[in-house]
Amino acid sequence: MANSEQILIIKLSALGDFVLSLGACQAIRKHHRDARITLLTTKPYQSLAKACGLFDEIWLDSRPRIWQLPSLVALRAQLRSGRFDRVYDLQRSDRSGFYFRLIGQPKPEWVGKVAGCSHRYLQPDGQVLHISTREAQQLALAGITDVAPADLTFANEDLTGFAVPDGYVLLVPGGAPHRPAKRWPMERYAELAAWIVTRGYTPVLLGTAAEQESLELISAVCPSALNLCGRTSLLQIATLAKSAALAVGNDTGPMHLIAPAGCPLVSLFSHESDPTKVSPRGAEVTILRRPTLEDLTLTEVTDACEPLLPLRR
């Protein structure tokens with residue numbers, strides 16, 4: 001590859017999708033070793049994108065609306081200024097397809113799903129595929145055939161300020177506020193935390209500041225739990241996962257960071273989401289799914305956890 005080759009990768013959101021796409025980004029970097037690679041993403045993933053060391057430049061997309069003409073003109077100018085030879089559209093959305101039209105002529109090679117692009121990927125009819133499988137098929141159209149799961153060895157944050165004890169289990173009981181059906185009841189997480197203590201481990205609670213009240217309910221039932229709610233960055237979550245004995249959580253973004261860091265994981269799904277399409281990828285991932293998570297009993301969860309959590313004294 002020539003030193004002057006200019007590559008753009010588009011990956012805007014969400015957290016789980018972004019982490020799952022890191023494997024594809026790593027494969028693109030390996031394929032275009034000497035290229036200058038720019039990532040177009042959104043602000044929540046900027047620090048993660050910087051830390052992975054794959055990109056020469058990171059552009060933040062404000063995702064302007066169609067009526068925000070000055071912002072669209074500025075975005076078009078930015079896209080054209082990159083003089084990209086090839087674009088990998090890993091977002092594959094209506095928005096990123098619009099950017100294909102916005103960039104004007106001459107068009108770069110475009111690896112995506114938008115009509116008219118040079119390397120158009122259309123998911124096979126009748127198949128339900130995981131996002132990682134879809135991206136591997138998409139990149140194969142452009143000659144990249146060695147797409148591996150995301151490698152998070154770059155995450156190596158200082159955790160001394162958390163005073164995390166030896167032998168701990170990560171609990172991720174939160175999730176998107178507008179998707180309450182994706183959450184296992186908090187009372188059962190509290191009971192699970194107490195059970196984890198009987199196995200000789202410390203439950204470590206992860207969540208956003210908005211979930212503090214809910215996580216305090218767990219701490220009230222299980223005072224031994226370490227509540228890190230609102231205190232951890234994405235990179236710190238991945239670093240914590242490297243030494244955790246196990247993680248249990250809902251279908252939420254941090255679980256996608258935890259699994260590829262090497263932590264055994266039990267992920268809880270309702271019929272609000274399909275693990276066949278988007279679920280954490282790691283060496284040891286167990287999926288428990290029920291039509292509604294209220295139907296998932298504590299015993300079912302502890303039965304899944306017990307083989308992964310040797311008794312510790």
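Q: What makes helix 1 stand out in the lining of the second largest pocket?
A: In this predicted model, helix 1 gives the most to that lining, with four residues. Helix 1 and helix 5 are the elements that give two or more residues there.

Q: How much space lies in the second largest pocket, and which residues are closest to its centre?
A: About 180 Å³ of space lies in the second largest pocket. It is lined by 13 residues, and L20, S132, A148, P149 and A150 sit closest to the centre.

Q: What classes of residue make up the lining of the second largest pocket?
A: Eight are nonpolar, three polar and two charged.

Q: And what about the largest pocket: how much space does it hold, and what lines it?
A: The largest pocket holds about 950 Å³. Its lining has 41 residues, with A14, L15, G16, T252 and G253 nearest the centre. By class, that's 14 nonpolar, 16 polar and 11 charged residues.

Q: Which helices each supply at least two residues of the lining of the largest pocket?
A: Helix 1 (15-31), helix 5 (131-140), helix 8 (234-243) and helix 9 (253-258) each do.

Q: Are C222 and C263 buried or exposed, and what makes them so?
A: Buried means under 20% relative accessible area. C222 has 4% relative accessibility, so C222 counts as buried. C263 has 2%, so C263 counts as buried too.

Q: What is the strand order in the open sheet?
A: The six strands run 3-2-1-4-5-6, with parallel pairing.

Q: Why are strand 3 and strand 6 said to stand at the edges?
A: Strand 3 (57-60) and strand 6 (119-120) each have a single partner strand, so one side of each is left without a neighbour in the sheet.

Q: How do you know that strand 1 and strand 4 pair?
A: Pairing takes at least two bridges between the strands. Strand 1 (residues 6-10) and strand 4 (residues 86-89) have four, in the parallel sense, so they pair. As one example, L8 has V87 of strand 4 as its bridge partner.

Note on methods
Residues are numbered from 1 along each chain as its sequence is written. This is a predicted model: local features need pLDDT of at least 70, side-chain atom pairs count only at pLDDT 80 or more; totals for chains, interfaces and linings use all residues. Side-chain values use heavy atoms; hydrogens and water are left out. On a 1 Å grid over the protein atoms alone, a cavity is a set of points where a 1.4 Å probe fits but cannot get out, and a pocket is an open set with protein on both sides within 12 Å along at least five of seven lines; lining residues have an atom within 4 Å of a point. Grid points are joined across faces, edges and corners, and a volume is the space filled by probe spheres set on the points. Ala, Val, Leu, Ile, Met, Phe, Trp, Tyr, Cys and Pro count as nonpolar, Asp, Glu, Lys and Arg as charged, and the others, Gly among them, as polar. Buried means under 20% relative accessible area, exposed over 50%, partly exposed in between (1.4 Å probe, protein chains only).
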